[in-house]
Structures are given as structure tokens and as C-alpha cells.
Amino acid sequence: MEPRIWSHLPQHLLELVLALLPLRTLMGLRSTCKHFNSLLSSPSFLSLLNKSRAPFLSSYLLLSHPQFPLHCFSLYEPTLGRWRKLELPFPVPATCGALNLISSSNGLLCFSASGSFVVANLLTRSCKTFNSPLYSFTSATLISANSCPSRFALCLISESSNLSSSVFVYDSGEDGWRKFEGYGSFLRHNSHQEGVFSNGRLYFSMREPFSVVGFDPRNGRWERQAAELPPDLTFVRLVSGGEERTGRLYLVGGVGRDGISRSLNVWELGEDGRNWVLLEVLPELMCKKFVSVCYHNYDHVYCFWHEGRVSKESSIGLCCYTWPEVLVYRVARRTWNWLPRCPSLPERSSCGFKWFSFVPNLNASV
């Protein structure tokens, strides 16, 4: 290890050696010198790192619950069928107090705090804190895409009692908020359901009469989705699929009469964008269990898309805030199953089960 020799090692070879180090070792090297620390913000090195790591980095389902210790979560690894505990690997700013996880996107997690938000990449142990323009909001959606990993956006929807609504969009590149107003009852949607990002728009499902609307966060424009919804719906949720969350839009909904679901179906938006194609029907016994879990109160139901990294097996999670289990539909296999209950939960758990897809991403920066 003669310094006179190793000091002349070409830069591209040095980066290749570092990219092959165990991830924990690589993170520890950040504190040894400015050069190693700056590599994790270098696009070329991050690209090299992702290529060498992608086959070995798992993707997880993340569970947040009020009865977990402060700033602690549980991770479920679908490929291995096991649970892990997760603690936030960065110091929480003293001004933030308790953090409430509200959204996830492309390896980033968004937390709400006392009058502010924290967006963090747990893999790089980096976070960004910025003030909130609202005391309360009905929906928050984090947007981060592989095509632009150096920026993220946060979309907030605020709805007052007189049905007048406002949308606030934070752009990390501009480090500021934009406000859009004047949409009235257009935003009458379920507050437990985030918007889903597809083809540059956020899509929301509206309450009865059921409909789907899209919002363009760049200019604040709204439009109704042209495809006619299936008949006899009791509730509607949206999911967007694909690595960039573009192109594929799914509809998850109950079918029945008088507000009681007799079946649960999954539809996919057709290529022409004008019709919903039936993809799958939940087996009867599973449907009965899910309906009994919800007690026919579908306001507590929400869905999310999970991109499988190791097995390349994507899935749709169907959840209820009042129930600790999550129902998973594996899109490629066209199979359904209940995931096992988290062992960290106490025997008698209160409501407030919040599931998120967490796919670690070194490229996503804050």
C-alpha cells in the first residue's frame, strides 16, 4: 500500500473500487475526507453505484403506527418474508418534534412536523426541512422521479368547510411554494388517499358521484379523466404503476349495492385512455374478510403501488387504517395474499396503520 503508488490511481478506478465496498463501509468513509463525502452527490458515481448495487438492494413495505417507539418503523421484505426494525438514521431537528410519516416516493420519505416538513433519503442519511404554508391539510403527495432525481415536489390539498379548496406545490429546485385556488368541490376526495403520479399529472378519485380527476402541478390545471367508470361502485381508489409511475393507471374498487361491496375488482386504464379494462377479481373469501375488516366504512381504505426490485415483481397493496394486515395483489402472477402481522405490534393495537412502499435509491437527493 505504498502511498506514492496508490495516490496516482486513476479516478475512474478508485470510484469502481469504492462502488464495490459494502454499503455500510462506504457510508462510513464519508467522514474521512471531503472527496469521499462529495462522491455521494456526484451523478457519475451514483450511477455507477446504482448499477453495482441494484441487484442486491431489496425493496420494502414500511409500516408506521402510533404505538411504535418515537421515530421507529417496521420494514417487511417481501422476497424473504421477514420483518426488520428501522430507526431514522439522521438527527431530527429540535424544532420539528415528533415526525409523522405522510408520503413516500422513489426512495424518499416525507414527514410532517410542527409547522414544517422533512424530506429524507434514509440510505444517504440526508434530509431537508422546510416550512409548511398550512396549519392543516387533507392530502399530501410526494413526487420524485428517476428522470430528475435531484429535485422533488410536495403537493398539499387544503379543503375548508365551505368546500373552497387550495393546492400548494413545493418545488425543491426553487425552494418555494406555489398556490393554486378556485377549484371548489372539484377536490372533494378521500383524505386518506394520496394523489397518484402518472404522465406528469396527479390523479385523484372523487367521492360519489365517483369520478377521476387529474391535476398538473406545473400550471395548476385540473381536468376530468375521460374514461367512464364501471357501474355499481361502492368505493374507488387509484394506483399508478411502473418505475417512473408513468403510463399505467389502475383502479381498485368495490362493486355492490346500497354501499355494501359484494366484490373487489382491479381495472387497468386502456391504452386509448377511454375505458377501464377488468384485470382481476378478489376471491370471495378474501373479499368477505376485507369487507368485514372495513365494517363497510370505506373512508379508511387506501392503496399503494410497490415496485419489486430483486424479483422484478410489482404489486398493489390494499389496506385499511383500522387493520394491521395488508392485502397484496401481485400483478404479474395475478395472485392475492395477506401479509403476516408485524411482530412488533402489541396484542391490542389501536387504529392508525399506515403502509408505504419503500424502495431505497441512492440517486434521489434532497
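The model is a predicted one.

**Positive phi in two loops**

- Asp-232 sits in the loop between β15 (221-224) and β16.
- Its phi is positive, about 60 degrees, although Asp-232 is not a glycine.
- Most residues other than glycine have a negative phi.
- Asp-175 also has a positive phi without being a glycine, with a value near 50 degrees.
- The loop that holds Asp-175 runs between β10 (165-171) and β11 (176-181).
- Asp-175 has a relative accessible area of 48%, and therefore counts as partly exposed.

**Helix α6**

- Helix α6 covers residues 284-294, and its buried residues are Met-286, Cys-287, Phe-290, Val-291, Val-293 and Cys-294.
- Viewed down the axis of α6, these buried residues lie within an arc of 155 degrees, so they line one face of the helix.
- An α-helix has 3.6 residues a turn, so residues three or four places apart point the same way.
- Glu-284, Leu-285 and Lys-288 are exposed on the other side of α6.
- The strands that the buried residues of α6 pack against are β18 (260-269), β20 (301-306), β21 (315-320), β22 (327-330) and β23 (335-338).
- Tyr-295 follows α6 and has a positive phi, near 55 degrees.

**Cysteines**

- How many disulfides does a search of the whole structure find? The search finds zero.
- Cys-294 is in no disulfide, and the nearest cysteine sulfur, which belongs to Cys-320, is 4.1 Å away. A disulfide needs two cysteine sulfur atoms within 2.5 Å.
- With a relative accessibility of 2%, Cys-294 counts as buried.
- Cys-303 is likewise in no disulfide; the nearest cysteine sulfur is that of Cys-319, at 7.0 Å.
- Cys-303 has a relative accessible area of 10% and is buried.

**Arg-330 in strand β22**

- Arg-330 is part of strand β22.
- Is Arg-330 buried or exposed? Arg-330 has a relative accessible area of 14%, so the residue is buried. The cut-off for buried is under 20%.
- Apart from residues up to four places away in sequence, Arg-330 touches Glu-313, Ser-314, Ser-315, Thr-335 and Asn-337.

**The largest pocket**

- The volume of the largest pocket is about 770 Å³.
- The pocket is lined by 41 residues, and those closest to its centre are Leu-101, Ile-102, Tyr-321, Lys-354 and Phe-356.
- The lining of the largest pocket consists of 23 nonpolar, 15 polar and three charged residues.
- Several strands each supply at least two residues of this lining, among them β2 (72-77), β4 (100-105), β8 (139-145), β16 (233-241) and β24 (354-358).

**Lys-354**

- Lys-354, one of the residues closest to the centre of the largest pocket, belongs to strand β24.
- Lys-354 counts as buried, at 16% relative accessibility.
- Which residues is Lys-354 in contact with, leaving aside its neighbours within four places in sequence? They are Leu-62, Leu-63, Ser-64, Asn-100, Leu-101, Tyr-302 and Tyr-321.
- Lys-354 and His-65 are 289 residues apart along the chain, while their C-alpha atoms are separated by 6.5 Å.

Technical notes. Residues numbered from 1 in each chain as written. Predicted model: local features only at pLDDT ≥ 70, side-chain atom pairs only at ≥ 80, totals over all residues. Heavy atoms only, no water. Buried < 20%, exposed > 50% of the residue type's maximum accessible area, 1.4 Å probe, protein only. Helix = DSSP H or I, 4+ residues; strand = E, 2+ residues; numbered from the N terminus. Arc of directions from axis to C-beta. Contact = heavy atoms within 4.5 Å. 1 Å grid on protein atoms, 1.4 Å probe; cavity = no way out; pocket = protein on both sides within 12 Å on 5 of 7 lines; lining within 4 Å. Points joined across faces, edges and corners; volume = space filled by probe spheres on them. Nonpolar A, V, L, I, M, F, W, Y, C, P; charged D, E, K, R; others polar.
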